[in-house]
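Here are my notes on the model, point by point. Please read them with the structure open.

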Amino acid sequence: MKTKEYKLEDIATVITGLPLQRYVNKEDSIKQKVIKTMPFFMIGKKFETEEEEISEDIKERFYSQEHDILYKVQQPSFAKEITTEKGAIISNNYNIIRVDSSIVNSTFLTYYLNDPRVDYEIQRTIDSTRIMKVSTRILKDLKILLPEKEEQDKQATIIKKVNERIELKNKSIECDEKLINSLYDDIIGDTYEN
């Protein structure tokens, strides 16, 4: 497959999220939706949000947009694409990656950034004498190999279909586990509730 090498800063805007502590409980505060920090084991779930009293003079760039990629800055780091959480404030727990959609498919890039080989490249550039944190500079300088946009779109379609299958299988497993538990409910009943 033919690819072209880019620096991430050439195909996307990369910024740090909002340092929330500076904007909480100010005089002009209003309730605003904020994207909560997500642990790595929940990467397959949607971002959770919560309402917080935050100053209303927040710059537009800190509000989530569909297809933003949020890159968690502290370990374990990972990339996750926003699909439904539009208009929520993004805290500085994340670096925000806004791609040039004429060159990059954000779903494709999200999975690219989560590939273990790419993650290794990112992790080895972290200054381990300081807090283990992925800075915007590290991401901006990251070399990305991209096929043509059409090929990225095809691969992203496959990724979405595979994820839908995984989700269906997980729901099926959940139902089977509930069935097993319900079998014991009939036998044990309320015996252990005291």
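**Notes on the predicted model**

1. N114 lies in helix α2. Helices (H or I, at least four residues) and strands (E, at least two) are DSSP runs, numbered from the N terminus. At 27% relative accessibility, N114 is partly exposed. The scale is this: buried is under 20% relative accessible area, exposed is over 50%, and partly exposed is in between (1.4 Å probe, protein chains only). Leaving out residues up to four places away in sequence, N114 touches I43, F78 and A79. Contact here means heavy atoms within 4.5 Å. N114 and A88 are 26 residues apart in sequence and 23 Å apart in space, C-alpha to C-alpha.

2. A word on the basis. This is a predicted model, in which local features need pLDDT of at least 70 and side-chain atom pairs count only at pLDDT 80 or more, while totals for chains, interfaces and linings use all residues. Residues are numbered from 1 along each chain as its sequence is written, and side-chain values use heavy atoms, with hydrogens and water left out.

3. How do α2 and α5 cross? The axes of α2 (residues 106-114) and α5 (residues 149-188) come within 8 Å and cross at roughly 75°. The two helices are therefore roughly perpendicular. That label covers 65 to 115 degrees; under 35 counts as roughly parallel, over 145 as roughly antiparallel, and the rest as oblique. Axes are lines fitted to C-alpha atoms, for helices over the stretch in contact, and angles run from 0 to 180 degrees between N-to-C directions.

4. Which residues make that contact? From α2 come T107, F108 and Y111; from α5 come Q152, Q155, A156, I159, K160 and N163. By class, the contact has 4 nonpolar, 4 polar and 1 charged residues.

5. Look next at the largest nonpolar core, which has 24 residues. A nonpolar core is a set of buried Ala, Val, Leu, Ile, Met, Phe, Trp, Tyr and Cys residues joined through side-chain atoms within 4.5 Å. L8, I97, L109, L113 and I144 have the most contacts inside the largest one. Elements that each supply at least two residues include α1 (8-11), β7 (94-99) and β8 (143-146). Helix α2 gives the most, with 4 residues. Apart from this core lies another, of 11 residues, among them I15, A88, I90 and Y94.

6. The sheet is open and has 4 strands, in the order β2-β7-β5-β6, with antiparallel pairing. Strands pair if DSSP finds at least two bridges between them. β2 and β6 (79-81) are the edge strands, each pairing on one side only. From one strand to the next, the twist averages 25°. β5 and β6 are joined by 3 bridges. L70 has K80 in β6 as its bridge partner. Helix α2 lies across β5, β6 and β7, and runs at about 165° to β6.

7. Strand β1 (residues 4-7) pairs with β8 in the antiparallel sense, over 4 bridges. K7 stands opposite K143 in β8.

8. Is S29 buried or exposed? S29 is in strand β3 (residues 29-35). Its relative accessible area is 17%, so S29 is buried. Not counting residues up to four places away in sequence, S29 touches Y23, V24, E53, I54 and S55.

Key
Ala, Val, Leu, Ile, Met, Phe, Trp, Tyr, Cys and Pro count as nonpolar, Asp, Glu, Lys and Arg as charged, and the others, Gly among them, as polar.
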